[in-house]
Amino acid sequence: MTDQQLLYRAESDPDWNTVAAGTARVTLHPDESAPEVIVVSGPCPRCHHETVHAEPLITYANALDGSGLLARLLLRRAAATGSRDVEVICACTATHPEAGERSGCGASWVLHVEWGV
């Protein structure tokens, strides 16, 4: 069975964490000094197709409590340094049998991301 013919299967494997740590591209948006989103891209360690995952670092819920912009700036400042374990789920655009309405092959892995340190 070729990589493209892999059946959709929701699963994870600790080895995929190691593989992805060596191949993933991690960027912080809008920048590393005050990130709002972690974007992880690269090949899925199971199916090897390109995938992209966006992980929000902050939330804007209740940010418009009369303070508006000030509340947003305070939330951004709180995310300026830190780390997070990011669970990435394959979202490749390749066709995987039995995926139904889902995208990707179903694989998931975890990357540890640090910034501002």
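Ile 38 touches Val 26, Thr 27, Leu 28, His 53, Ala 54, Glu 55, Leu 57, Arg 84, Val 86, Val 113 and Trp 115, when residues up to four places away in sequence are not counted; contact here means heavy atoms within 4.5 Å. The structure is a predicted model, in which local features need pLDDT of at least 70 and side-chain atom pairs count only at pLDDT 80 or more, while totals for chains, interfaces and linings use all residues. Residues are numbered from 1 along each chain as its sequence is written, and side-chain values use heavy atoms, with hydrogens and water left out.

The predictor's confidence in each residue is given as pLDDT, from 0 to 100. For the chain, the mean pLDDT is 85, and 76% of the residues reach 70 or more. Confidence is highest in helix α1 (residues 14-23), at a mean of 97, and lowest in helix α2 (residues 69-78), at 56. Where pLDDT is low, the predicted coordinates should not be read in detail.

The chain holds two helices and six strands, where helices (H or I, at least four residues) and strands (E, at least two) are DSSP runs numbered from the N terminus. Read from the N terminus on, the order of these elements is β-α-β-β-β-α-β-β. Of the 117 residues in the chain, 38% are buried; buried means under 20% relative accessible area, exposed over 50%, and partly exposed in between (1.4 Å probe, protein chains only). The accessible surface comes to about 7,100 Å², of which 53% belongs to carbon and sulfur atoms; accessible areas come from the Shrake-Rupley method with a 1.4 Å probe, and for residues only the protein chains shown count as cover. Among contacts between residues at least 6 apart in sequence, 60% join residues at least 24 apart.

Strands β2 and β3 pair in the antiparallel sense over five bridges, and Leu 28 has Ile 38 in β3 as its bridge partner. Strands β3 and β4 also run antiparallel and are joined by seven bridges, with Val 39 standing opposite Ala 54 in β4. These two strands form a hairpin with six residues between them, and His 48 in the turn has a positive phi of about 75 degrees. In β4 (residues 50-56), the covered face consists of Thr 51, His 53 and Glu 55, whereas Glu 50, Val 52, Ala 54 and Pro 56 make up the uncovered one.

Thr 27 is found in strand β2 (residues 25-29) and is partly exposed, with a relative accessible area of 36%; leaving aside neighbours within four places in sequence, Thr 27 is in contact with Val 37, Ile 38 and Val 39. Ser 41 lies in strand β3 and counts as buried because its relative accessibility is 16%. With neighbours within four places again left aside, the contacts of Ser 41 are Thr 23, Ala 24, Arg 25, Glu 50, Thr 51 and Val 52. The C-alpha atoms of Thr 27 and Ser 41, 14 residues apart along the chain, are separated by 8.6 Å.

Another open sheet contains three strands in the order β1-β6-β5, and its pairing is mixed. The edge strands β1 (11-12) and β5 each pair on one side only. Strands β5 and β6 pair in the antiparallel sense over eight bridges, and Val 88 has Trp 109 in β6 as its bridge partner. Helix α1 lies across β1 and β6, running at about 50 degrees to β6; axes are lines fitted to C-alpha atoms, for helices over the stretch in contact, and angles run from 0 to 180 degrees between N-to-C directions.

The largest nonpolar core has 21 residues, and those with the most contacts inside it are Ile 38, Cys 44, Cys 47, Cys 90 and Trp 109. At least two residues of this core come from each of α1, β3 (37-43), β5 and β6, and β6 gives the most, with five residues. A nonpolar core is a set of buried Ala, Val, Leu, Ile, Met, Phe, Trp, Tyr and Cys residues joined through side-chain atoms within 4.5 Å.

Definitions and conventions. Two strands pair if DSSP finds at least two bridges between them.
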